[in-house]
Amino acid sequence: MAENLLEVQDLVKHFPSPRSLLQRRPKMIRAVDGVSFAIEKGTTFALVGESGCGKTTLAKLILLLEQTTRGSIRFQDQQAQRMRGKALREYKRSVQAVFQDPYSSLNPRMRVMDIVAEPLQTHEGIRGNALRTRVFELLEEVSLPTNSASLYPHEFSGGQRQRVAIARALALRPKLIVLDEPVSALDVSIRAQIINLLADLQERLGVSYLLISHDLAMVEHMSHVVAVMYLGKIVEMSSKDELYTNPQHPYTKALLEAVPQPDPTIPMRAVISGEVASPINPPSGCHFHPRCPIADASICPVVEPVLEEYGRDHAVSCHKVPTLP
């Protein structure tokens, strides 16, 4: 049985909204609203959904860049929010991130040598020739020549900058890397190279990924388990193969049907209408019911569904999903 590296249980993050003069109390933005999942060692767990559904906020909670409202984040059987001192430093070494935009995630005033070396100097105190050797090894791991260490970020293409960001994330040999839309800012011709690089690094180093993306083609290529989020909640979660061949939630089906097909003779299927509701005032009952093509007026606007098992390694939050025989 595979061992879980990270376990998230009933995670909630509410932000106060800007208060108007007529409001006594600020309304709460329910960015993440009761999310639970686990990431096994050496695997990729993907979070997908429309913009504003809470994916990036969830990543910030796991990176400890935001404080949780409630819920727990357990990393190797230790609660991350309670870590202090040495344990907290070890957690920050073990959990690294690669952000969406390599143009803004790298300091333009630092050479690549200093960018990649900084975590090694801060956490491991490496100096001199040992530091240079380690930086060169990291650059080679992401298929960059060692002479690129003397260059500045503006002297690279977008794909090369993202390779530098990946090298920096790998510097401390993390066990989990949060990939927040890692290729969405890159040209289409470059995306496959970065995706293949990440897959190769996972195979060689055994690192786990939390992949946040709206690119369902990349998710299908990279992930092992996929969770679909809508308005701060997970509405469906299963293995990648199961989700793509047997989606059950109407929102998941709509996302998959909206993926462009390479064959122009295949007609575009109908997709859901309307916009995602505000997380300040989400719809009652099932949050998706105002946009759902199969909503039942007698239950969907009234009773909030829970994420329940649907067969093996498959969970769905929907009143209309047929029960398995």
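A pocket is an open set of grid points where a 1.4 Å probe fits, with protein on both sides within 12 Å along at least five of seven lines. The structure is a predicted model, and its largest pocket holds about 580 Å³ of space. The lining of the largest pocket comprises 20 residues, and A38, E40, V225, M237 and D313 are the closest to its centre. Strands β2 (28–40), β3 (44–48), β10 (233–239) and β12 (314–316) each contribute at least two lining residues. The largest share, 4 residues, belongs to β2.

In the second largest pocket the space is about 400 Å³. Its lining has 18 residues, with K92, V95, Q96, A97 and F99 nearest the centre. Two or more lining residues come from each of α2 (85–94), β6 (95–98), α3 (112–124) and α5 (158–170). Here α3 gives the most, with 4 residues.

| Pocket | Nonpolar | Polar | Charged |
|---|---|---|---|
| Largest pocket | 9 nonpolar residues | 8 polar residues | 3 charged residues |
| Second largest pocket | 12 nonpolar residues | 3 polar residues | 3 charged residues |

Helix α1 is described by its burial. This helix spans residues 55–62 and is mostly covered, with 6 of its 8 residues buried. The buried residues of α1 are K55, T57, L58, A59, L61 and I62; buried means under 20% relative accessible area. In general, an α-helix has 3.6 residues a turn, so residues three or four places apart point the same way. After α1 comes L64, which has a positive phi near 60 degrees.

Key
Residues are numbered from 1 along each chain as its sequence is written. This is a predicted model: local features need pLDDT of at least 70, side-chain atom pairs count only at pLDDT 80 or more; totals for chains, interfaces and linings use all residues. Side-chain values use heavy atoms; hydrogens and water are left out. Buried means under 20% relative accessible area, exposed over 50%, partly exposed in between (1.4 Å probe, protein chains only). On a 1 Å grid over the protein atoms alone, a cavity is a set of points where a 1.4 Å probe fits but cannot get out, and a pocket is an open set with protein on both sides within 12 Å along at least five of seven lines; lining residues have an atom within 4 Å of a point. Grid points are joined across faces, edges and corners, and a volume is the space filled by probe spheres set on the points. Ala, Val, Leu, Ile, Met, Phe, Trp, Tyr, Cys and Pro count as nonpolar, Asp, Glu, Lys and Arg as charged, and the others, Gly among them, as polar.
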